[in-house]
Amino acid sequence: MLLLDLSAAFDTVDHEILLKRLNTRFGISGKALKWFNSYLSDRLQFVSINDFSSEALQLDCGVPQGSVLGPLLYLLYTSPVADILRQHKMSFHLYADDTQLYIPFSCNDNLSLNDSMKLIESCLSDINTWMTTNKLKLNQDKTELLFFSSKYSPQKILPSLQFGSEIIKPSTHARNIGVIFDTHLTMARHINNICKSSFYHLRNIAKIRKFISFQTTETLVHSFVSSKLDNCNSLLLGLPNKLLEKLQFVQNAAAKVITLYRKQEHVTPILINLHWLPIKSRIEYKTLLLTFKALHGLSPVYIQDLISRYKPKRNLRSSSQLLLTAQSYYLESYGHRSFSVAAP
């Protein structure tokens with residue numbers, strides 16, 4: 001997997017190129033195109049602190065950040081990148097200015113690995129050329145390269161990636177849209193990072209707990225702790241209990257901070273009173289929610305494609321029920337964790 005990083009992506013969008021692309025690629029014309037032109041032009045930027053403001057400067061490029069249209073216009077602007085990736089037969093995901101591309105290869109076949117690296121380098125070269133032409137800049141220093149493999153596979157020396165004048169060496173871990181991925185997908189580093197950050201906030205909340213109300217404490221805990229426990233937690237499905245227990249300790253501590261219970265108190269009644277599901281159940285609930293959305297067309301297409309409805313060859317009583325086809329898998333340590341297996 002290669003995680004590309006762009007320098008000041010939203011701020012360097014060229015208005016003239018964007019308007020031309022909206023017209024030629026997406027068929028936006030007439031009053032609608034004039035509306036976009038009006039929206040982008042004659043914008044000023046200044047800094048305001050208390051009653052003092054800096055001099056206003058004209059914005060000749062960029063899309064407004066923090067707006068609803070900002071990410072959408074950026075995606076329309078960079079849509080040709082997907083064409084380049086498809087030409088090179090790369091798998092990819094695009095999320096605003098985060099671009100991740102990946103390609104499978106055989107661990108036992110050096111030729112397969114070398115071919116994959118050459119394909120990535122060729123693809124990167126074309127993307128970099130397109131970015132330069134469209135006044136965007138790939139940040140070579142912050143681009144991350146990860147090789148994923150089973151921890152039981154024989155380890156081998158992995159090659160670096162030639163990117164322009166830079167050499168990108170393989171990383172042991174990288175942050176990808178808020179989640180830390182490691183080379184064996186154990187998620188241990190991600191969980192340890194959640195625990196460290198959560199306990200930091202819990203200690204600060206505990207210091208002022210006696211001065212604030214129950215409702216205020218609960219709001220703080222949900223903002224600084226529960227949000228971390230729930231963010232992308234479906235990726236933790238099927239992990240060993242040893243790892244999930246670390247997150248359960250965080251939740252237990254948060255519950256006791258809110259309710260002012262002592263450390264020695266049994267936590268299960270506290271969680272029931274707060275109407276909090278335990279960590280393992282929260283993960284299962286998120287997976288069920290994603291499955292429901294995938295079945296009813298409420299999730300991205302790439303998630304919907306991972307599951308398929310079960311169609312019996314003959315009429316059975318179960319034919320009227322909503323069932324999914326159970327997927328087979330090969331790797332015991334990883335297969336059951338995949339969404340296509342876990343969802344059914």
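## Around Ile-127

Leaving aside neighbours within four places in sequence, Ile-127 touches Leu-4, Ile-84, Leu-85 and Leu-138, where contact means heavy atoms within 4.5 Å. Please keep in mind that this is a predicted model, in which local features need pLDDT of at least 70, side-chain atom pairs count only at pLDDT 80 or more, and totals for chains, interfaces and linings use all residues. Residues are numbered from 1 along each chain as its sequence is written, and side-chain values use heavy atoms, leaving out hydrogens and water.

## Two nonpolar cores

A nonpolar core is a set of buried Ala, Val, Leu, Ile, Met, Phe, Trp, Tyr and Cys residues joined through side-chain atoms within 4.5 Å; buried means under 20% relative accessible area, exposed over 50%, and partly exposed in between (1.4 Å probe, protein chains only). The largest such core has 39 residues, and Ile-127 is among those with the most contacts inside it, as are Leu-2 and Met-131. Helix α5 gives the most to this core, with 8 residues. Apart from it lies another core of 33 residues, among them Val-221 and Leu-274.

Helices are DSSP runs (H or I, at least four residues), numbered from the N terminus. Helix α7, residues 214-230, bends by about 45° at His-222, the bend being the angle between axes fitted to the seven residues ending there and the seven starting there. Buried residues of α7 are Thr-217, Val-221, Val-225, Ser-226 and Leu-229, and their cover includes α6, α8 and α10.

Just after α7, Cys-232 takes a positive phi of about 55°. Cys-232 is partly exposed, at 30% relative accessible area.

Notes: Helix = DSSP H or I, 4+ residues; strand = E, 2+ residues; numbered from the N terminus.
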